[in-house]
Amino acid sequence: MRAHELTIGRTFGVTFDHGEDFFDALSAFCREHGVRQGYIPSFIGAFAEAEIVGACEKLENPDAPVWSKTYVTNVEAFGAGTLAHDPESGAILPHIHVSAGLKTQSADGRTSHLLRAKVQFLSELLIVEVAAPTMTRLRNPDLYDVPLLTFG
């Protein structure tokens, strides 16, 4: 277990508009407002299309992370995540998970890591900036090279 007390900065209410790429809009928001790290306690919205982590085939190693993706359309989404900072590129490194109900399939649900999404109508987010410590994602070669959130 790793833990660190967080010094909270600003809090924002943010909306993404119809047709925007979710991650492009998130990156633009962070650049425009100088947010380098933080968390999204929750967001709601709809996606015209999205890619989330998932597999339909039998997994060779069920203990290993799943790197494949599944494609969904016309979903209502509820999600949360963290925003870390890449000191080399200056980019944010989001880690977002969603629960998405497929509107055309009786709101049948999918829950997983969000890889890509196109906003349908709107997305409404709460974003909380973390002023300290520095939050980064370091890949752990002993754990399938998964990027793990680190503090300080």
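Predicted model: local features only at pLDDT ≥ 70, side-chain atom pairs only at ≥ 80, totals over all residues.
Colleague: OK, strands then. In which sense do strand 1 and strand 5 pair?

Modeller: Two strands pair if DSSP finds at least two bridges between them. Here strand 1, residues 7-17, runs antiparallel to strand 5, residues 108-132, with nine bridges joining them. If you want a spot to look at, find Thr-15, whose bridge partner in strand 5 is Glu-124.

Colleague: How many bridges do strand 2 and strand 5 have?

Modeller: Eleven, and that pairing is antiparallel too. Strand 2 covers residues 38-53. Glu-51 sits opposite Arg-116 of strand 5.

Colleague: And over how many bridges do strand 2 and strand 3 pair?

Modeller: There are 13 bridges between strand 2 and strand 3, which spans residues 69-85, again in the antiparallel sense. On the strand 3 side Gly-38 has Leu-83 as its bridge partner, and on the strand 5 side the partner of Gly-38 is Glu-129.

Colleague: What do strand 4 and strand 5 form?

Modeller: They make a hairpin, with five residues between the two strands. Strand 4 is residues 92-102, and its antiparallel pairing with strand 5 runs over six bridges. Look for Gly-101, which faces Gly-109 of strand 5.

Colleague: Are Ser-106 and Ala-107 buried or exposed?

Modeller: The general idea is a cut-off on relative accessible area: buried is under 20%, exposed over 50%, and partly exposed in between (1.4 Å probe, protein chains only). Ser-106 has 76% relative accessibility, so it counts as exposed. Ala-107 comes out at 53%, so Ala-107 is exposed too.

Colleague: Which residues does a cis peptide bond join?

Modeller: Ala-132 and Pro-133, with omega at about 0°. To find Pro-133, go to the loop between strand 5 and strand 6.

Colleague: Strand 6 is next on my list. Is Thr-136 buried or exposed?

Modeller: Thr-136 is part of strand 6, residues 135-140. Its relative accessibility is 13%, so Thr-136 counts as buried.

Colleague: Which residues is Thr-136 in contact with, leaving aside neighbours within four places in sequence?

Modeller: Contact means heavy atoms within 4.5 Å. With those neighbours set aside, Thr-136 touches Ala-84, His-85 and Pro-87, along with Leu-148, Leu-149 and Thr-150.

Colleague: Last topic: rings. How many aromatic pairs does a search of the whole structure find?

Modeller: A pair of aromatic rings is described by the distance of the centres and the angle of the planes. Rings of Phe, Tyr and Trp (its six-membered ring) pair if their centres lie within 6.5 Å; planes under 30 degrees apart are stacked, over 60 edge-to-face, and the rest tilted. Searching the whole structure gives six such pairs. In one of them, Phe-16 and Phe-22 have ring centres 5.3 Å apart and planes at 75°, so they are edge-to-face. Phe-16 and Phe-22 are both buried.

In another, the ring centres of Phe-22 and Phe-23 lie 5.4 Å apart with the planes at 85°, so that pair is edge-to-face as well. Phe-22 and Phe-23 are both buried.

Colleague: Which residues form one aromatic cluster?

Modeller: Phe-16, Phe-22 and Phe-23 belong to it, together with Phe-43 and Phe-47.

Definitions and conventions. Residues numbered from 1 in each chain as written. Heavy atoms only, no water. Helix = DSSP H or I, 4+ residues; strand = E, 2+ residues; numbered from the N terminus.
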